[in-house]
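This report walks through selected features of one structure, moving from a single side chain to a sheet, the nonpolar cores, the disulfides and a hairpin. The sequence and the structure come first.

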Amino acid sequence: MRAYFLAGNPVKLILTGTAVAILLQAAFVLSGFPTTLTLERAFPTDNLVELNELRVRDSFRHPRILQQQSSVASVANFPVQGTYDPYRVGLYYTKLHLGSPPKQYYVQIDTGSDVLWVSCSSCNGCPKSSGLQIPIQFYDPSASSTASLISCSDQRCLLGTQSSDSSCSSSNNQCSYTFQYGDGSGTSGYYVSDLINLETIVGNSVTSNASASIVFGCSTSQTGDLTKSDRAVDGIFGFGQQGLSVIAQLSSQGISPNAFSHCLVGNGAGGGILVLGQIIEPNMVYTPLIASQPHYNINLLSISVNGQTLSIDPSMFATSSSRGGTIIDSGTTLAYLTEEAYDPFVDAITQSVSQSVQPLVSKGSQCYIVASRFFFISQNYQNPILIFYFNNINNLSSPEIFPTVSLNFAGSASMILRPQDYLLQQNSVAGASVWCIGFQKTRGQGITILGDLVLKDKIIVYDLGGQRIGWANYDCSMSVNVSTMSSGGRSEYVNAGQIGGSNSLQDECKKMILMMIVFQLFVLFVFS
């Protein structure tokens with residue numbers, strides 16, 4: 001309904017600190033133009049007001065401001081430990097506090113699965129110590145005053161059963177689960193509800209503690225690599241999109257934004273940043289998430305090596321009923337290329353460095369001996385002394401040695417990979433540096449997985465409200481700015497395979513070096 005005001009009859013606005021009173025002397029004007037509004041001061045300039053009165057007036061305003069602020073989600077911060085290096089740790093993990101009183105648990109950061117679970121006191125096959133030099137803690141629901149079991153009739157159990165990972169037992173009315181991961185390991189248990197204690201950041205880096213009730217898994221059985229103690233943690237922190245993920249639960253309660261970000265340090269002792277919220281960085285690029293997928297699928301269009309786009313059919317990267325597509329997964333240590341793309345990718349890398357390195361294949365992985373110069377020192381021409389000299393390259397950022405790779409996604413978003421984002425250094429052999437391509441070939445699955453090898457040294461933002469993923473190269477040992485705003489049976493992957501052991505690789509390298517030495521001696525003998 002449109003209203004008009006009679007010209008010549010001014011509307012008077014009286015503004016006070018507690019209310020705005022609008023006195024409308026209403027009529028209608030044929031021309032349809034509103035008249036000028038005149039404003040009067042609540043406190044005239046020639047009338048001094050007591051400070052107490054101003055405080056009282058402000059006190060009526062502050063509760064409304066605080067109420068508005070309390071509805072804004074805060075940023076939750078989690079410390080990060082671990083490294084991508086499969087020969088040191090091969091995973092990133094964080095610590096969180098569960099229960100009342102709260103107890104500390106170390107859990108792997110995994111964007112390839114949905115549910116948070118920790119080992120229970122009744123667990124069968126769970127490791128009791130860890131080679132990571134962290135204490136192993138077992139969750140006991142009976143020891144927490146805020147813990148409760150999830151029954152089959154609970155609506156939260158329905159969220160799990162919809163994903164086919166959960167089930168209900170009619171005998172004990174208990175909501176249970178079974179997870180099977182891509183590396184062959186697995187876990188089963190039951191769901192509980194308890195408090196998660198969070199370190200939150202509001203405003204100008206002001207930290208405070210908060211807690212929220214969430215549903216998570218209590219693991220009673222583990223198999224495969226999960227039973228090994230060398231890299232054992234207390235559980236897995238799933239950051240997927242389904243309803244039982246912690247990010248979904250906290251977001252639905254208004255405690256955190258519907259977004260999270262990580263920045264994983266790639267060198268030294270590792271570590272990094274993990275926050276519930278969007279890290280803000282000017283150089284961020286975004287690509288849309290593919291809808292209705294159980295994982296973080298994005299649309300990879302092409303791969304470029306040294307600026308040259310490889311001849312790969314883009315449909316090989318597509319997500320469909322027969323192909324897994326391209327997945328972002330922090331629970332995977334290395335990176336995996338669909339078999340149709342793997343050979344062109346490796347061939348392009350090899351061709352670009354063919355003049356500087358000696359290629360070597362070990363257990364299906366393409367490796368390189370960085371050897372570029374041979375010196376012959378002899379005081380007697382008839383008895384030459386052969387010295388086989390190798391360049392020992394510790395800094396892979398030199399573009400003249402290994403090329404830059406670009407992964408090109410929908411939305412004109414490219415992820416630039418430095419050599420250390422697709423290569424792994426092996427133990428040196430006879431003074432030679434040995435590097436292997438960290439990308440592995442996946443067969444018959446049509447799937448490409450970008451794991452920690454690729455994700456490290458980058459800000460990665462999962463904007464679930466806006467259904468997009470963004471990234472930017474970054475020094476993850478530096479501080480970041482975070483925003484609380486958001487624009488808007490299944491296989492899971494964790495540590496899905498690793499490069500073969502270094503001992504066999506050293507044997508292959510020694511054989512290659514010996515053959516090269518023999519060849520050089522043969523040449524000297526023939527032409528001397």
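Which side chain does a polar contact of 2.7 Å join to the side chain of Asp329? In this predicted model, the partner is Thr332, whose side chain is joined to that of Asp329 by the polar contact. Asp329 is found in the loop that lies between strand 21 and strand 22, and its side chain also reaches the backbone nitrogen of Gly112, at 3.0 Å. With a relative accessibility of 0%, Asp329 counts as buried, because buried means under 20% relative accessible area.

**Nonpolar cores**

The largest nonpolar core has 83 residues, and those with the most contacts inside it are Phe345, Phe402 and Phe439. Helix 4 supplies the largest share of this core, namely six residues. When its neighbours within four places in sequence are left aside, Phe439 is in contact with residues that include Ala335, Tyr336, Leu337, Tyr342 and Phe345, and also with Leu417, Asp421, Tyr422, Leu450, Leu453 and Val454. A second, separate core, of 13 residues, includes Trp117, Ile150, Cys175 and Ile236.

**Disulfides**

The structure holds six disulfides, and with the bonded cysteines counted along the chain they follow the pattern 1-8, 2-3, 4-6, 5-7, 9-12, 10-11.

| Disulfide | S to S distance | Torsion about the S-S bond | Handedness |
|---|---|---|---|
| Cys152 to Cys168 | 2.3 Å | about -125 degrees | left-handed |
| Cys157 to Cys175 | 2.1 Å | 90 degrees | right-handed |
| Cys263 to Cys476 | 1.9 Å | -75 degrees | left-handed |

Of the disulfide between Cys152 and Cys168, the torsion about the S-S bond is about -125 degrees, so the link is left-handed. This pair links distant parts of the chain, 16 residues apart, with Cys152 in the loop between strand 8 (148–149) and helix 2 (155–162) and Cys168 in strand 9 (residues 166–169). Both ends are partly exposed: Cys152 has a relative accessible area of 25%, and Cys168 has a relative accessibility of 36%.

How many residues apart in sequence are the parts that Cys157 and Cys175 tie together? They are 18 residues apart, since Cys157 lies in helix 2 whereas Cys175 lies in strand 10 (residues 174–180). Cys157 counts as buried at 1% relative accessibility, and Cys175 is buried with a relative accessible area of 0%.

The link of Cys263 and Cys476, which is left-handed, joins positions 213 residues apart, as Cys263 is in strand 14 (residues 259–264) and Cys476 is in the loop between strand 34 (468–473) and strand 35 (481–483). Cys263 and Cys476 are each buried.

**Strand 5 and its partners**

Is strand 5 (residues 91–98) largely enclosed by the rest of the structure or largely exposed? Strand 5 is largely enclosed, because six of its eight residues are buried. Strand 5 runs antiparallel to strand 4 (residues 75–83), to which four bridges join it, and here Thr83 stands opposite Leu91 of strand 5. Strand 5 is also joined by six bridges to strand 6 (residues 103–110), again in the antiparallel sense, with Leu98 opposite Lys103 of strand 6. Strand 5 and strand 6 form a hairpin that has four residues between the two strands, and in its turn Gly99 has a positive phi of about 90 degrees.

Conventions. Residues are numbered from 1 along each chain as its sequence is written. This is a predicted model: local features need pLDDT of at least 70, side-chain atom pairs count only at pLDDT 80 or more; totals for chains, interfaces and linings use all residues. Side-chain values use heavy atoms; hydrogens and water are left out. A nonpolar core is a set of buried Ala, Val, Leu, Ile, Met, Phe, Trp, Tyr and Cys residues joined through side-chain atoms within 4.5 Å. Buried means under 20% relative accessible area, exposed over 50%, partly exposed in between (1.4 Å probe, protein chains only). Contact means heavy atoms within 4.5 Å. A polar contact is a pair of N or O atoms within 3.5 Å; within protein, one must be able to donate a hydrogen and the other to accept it, and residues adjacent in sequence count only if both atoms are side-chain atoms. A disulfide is a pair of cysteine sulfur atoms within 2.5 Å. Two strands pair if DSSP finds at least two bridges between them.
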